[in-house]
Amino acid sequence: MRKQLLMLMMIAGLTMAAQVPLDSCRNMALRNNKAILIANEKINAAGYQRSEAKSAYLPALDLQATYLYNQKNISLIAEDALLPTKSFNPATGGYDFNILTDPTGKPVMVNGQPVPSQVALLPKSALTYDIHNVFAGALTLTQPVYFGGKIKAMNEITRYAEDLAKAMRNKAMEDVVYQVDAAYWQVVSLRAKHDLAESYVQLLDTLNYNVNAMVKQGVATKADALSVAVKLNEANVDLTKVKNGLALSRMLLAQLCGLPSTTVMTLADEGKQQIDDTSMPATTYNMNDVYARRQDLNALQLGAKIYEQKAKVEMASMLPQLAVMGMYSVSNPNSFNGYANKFAGAFSVGAVLKVPLWHWGGNYNKYRAARTEAVIKNIEIADARDKIELQVNQASFKTQEAVKTRFATMSNLEKANENLRIAKVGFKEGVMPVDNVMAAHTAWLKANSEAIDAQIDVLLCNVYLSKVLGTMKY
């Protein structure tokens, strides 16, 4: 905010003390254009994504902690258990169940089962565990080993995406510069037409004064005076329109420069008599150099590379993936040495291998779809090359035509000036009627207006030619 206020103060000083050149307008527009500011942020975002992709090569360290409250404890038996016991039998060398026998030595049976003479008590409380509060945590280290080339492809995608964001930013800068140049020369053109309209009004005003004086002297008619007065009123109306158009054009230029629309800038090229470059442009160009400089074509090429890498990502989904990991986990309660309500932990290491076997062609079709997108981008690049070549040829032809038109308008302007001079002399000597004088004035106005338009057209054509050739400086 402070920089913007300082810049506004500097511009306010320039409007009062100095003239603003085209380069200053370009620089202000490039600093303040919202599309360029957004493009810069996209470059930053692409840079962050690229850093994120690089981190996939490195081991990942994660910490996980869990707390769980349970309403009830866990009990492995519903009630106290009575377990049968065994005694050593020297005759067999083994252990036999202790069975209750009758006087005849036969086992006492109840419900078809022998009755043990001795039992061991297993109380329910011994197998009941307190799990009201459970704490667990794990520190895990994971290192990718092989992911089918997916990590490398993702790094290439983010690198190309960052370059693509820069290319789009440069393209936006070129568009802004072209818009500023068009608005700048529009102001210069309307300023020249404003001066021309004022000169025309002054000429007609002088003619009107002279005709009225001649009417009083009886050497001119009232019809002559009325026709001159009508032309004078029309000229004043045209002057008002030019003033309004000039004011609106200044507002547009200020808005493009990121300034308040009420800012009035006096441009360095206002009022200059000769500001155009009438050098004839080349008729042929090295299109390979043009292709290398074009930001929009560069963006398409980067997009094609991104889709090629996306195809590799889809290919990786059909290849084995291997990662190694190490983990240290703790829990409370723990069962490392009996069941205890305290923290205890242990290390563990391992590897994870994933081998895709059969997905009914789903992964392969994803790969084919990604390859198709890459093919489409390559076709778009070829189409863009053809259009760029046509665009360059058209811009060159139009620039040549504008230069030729400029020379023709300069010749017409010289003739119109001489015609007006002769008409003034003839009218002053009384050998030329008012109609001829007004016709000479009209021809002079038209020739000057066409000369201004041709002059500005040459400048704008040169700017557009530099834009399509990729040589625009900004």
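Arg191, Asp195, Arg250 and Glu270 are linked in a network of salt bridges, a salt bridge being a side-chain nitrogen of Lys or Arg within 4 Å of a carboxyl oxygen of Asp or Glu. The structure is a predicted model, in which local features need pLDDT of at least 70 and side-chain atom pairs count only at pLDDT 80 or more, while totals for chains, interfaces and linings use all residues. Residues are numbered from 1 along each chain as its sequence is written, and side-chain values use heavy atoms, with hydrogens and water left out. Helices (H or I, at least four residues) and strands (E, at least two) are DSSP runs, numbered from the N terminus.

**Salt bridges**

- The structure holds 13 salt bridges.
- Aspartate 175 meets lysine 171 in a salt bridge of 3.1 Å, N to O; both residues belong to helix α4, four residues apart, or about one turn of the helix.
- Aspartate 175 also forms a salt bridge with lysine 467, at 3.3 Å from N to O. Because lysine 467 lies in helix α9 (residues 434-469) and aspartate 175 in helix α4, this pair ties together parts that are 292 residues apart in sequence.
- Lysine 467 is buried, with a relative accessible area of 16%, where buried means under 20%, exposed over 50% and partly exposed in between (1.4 Å probe, protein chains only).
- Lysine 171 is partly exposed at 21% relative accessibility, and aspartate 175 is partly exposed at 24%.
- In helix α8 (residues 362-429), glutamate 418 and arginine 421 lie three residues apart, about one turn of the helix. Their salt bridge has its closest N and O atoms 2.6 Å apart.
- Glutamate 418 is partly exposed at 35% relative accessibility, and arginine 421 is partly exposed at 46%.

**Helix packing**

- Helix α4 (residues 150-217) packs with helix α5 (residues 222-256) at an angle of about 160°, their axes being 8 Å apart. Therefore α4 is roughly antiparallel to α5, a term for angles over 145 degrees.
- The α4 and α5 crossing is left-handed, meaning that the near helix is turned anticlockwise from the far one by less than a right angle.

**Nonpolar surface patch**

- A nonpolar patch on the surface consists of Leu61, Leu63, Leu139, Leu141, Tyr328 and Phe347, which together have about 670 Å² of accessible area. Strands β1 (60-69) and β10 (133-146) are the elements that give two or more residues to the patch.
- Such patches are made of residues with over 30% relative accessible area and no salt bridge, nonpolar side chains (Val, Leu, Ile, Met, Phe, Trp, Tyr) being joined within 5 Å and like charges within 9 Å.
- Leucine 63 is located in strand β1 and counts as exposed at 72% relative accessibility.

How values were computed
Accessible areas come from the Shrake-Rupley method with a 1.4 Å probe; for residues, only the protein chains shown count as cover. Axes are lines fitted to C-alpha atoms, for helices over the stretch in contact, and angles run from 0 to 180 degrees between N-to-C directions. Angles under 35 degrees count as roughly parallel, over 145 as roughly antiparallel, 65 to 115 as roughly perpendicular and the rest as oblique.
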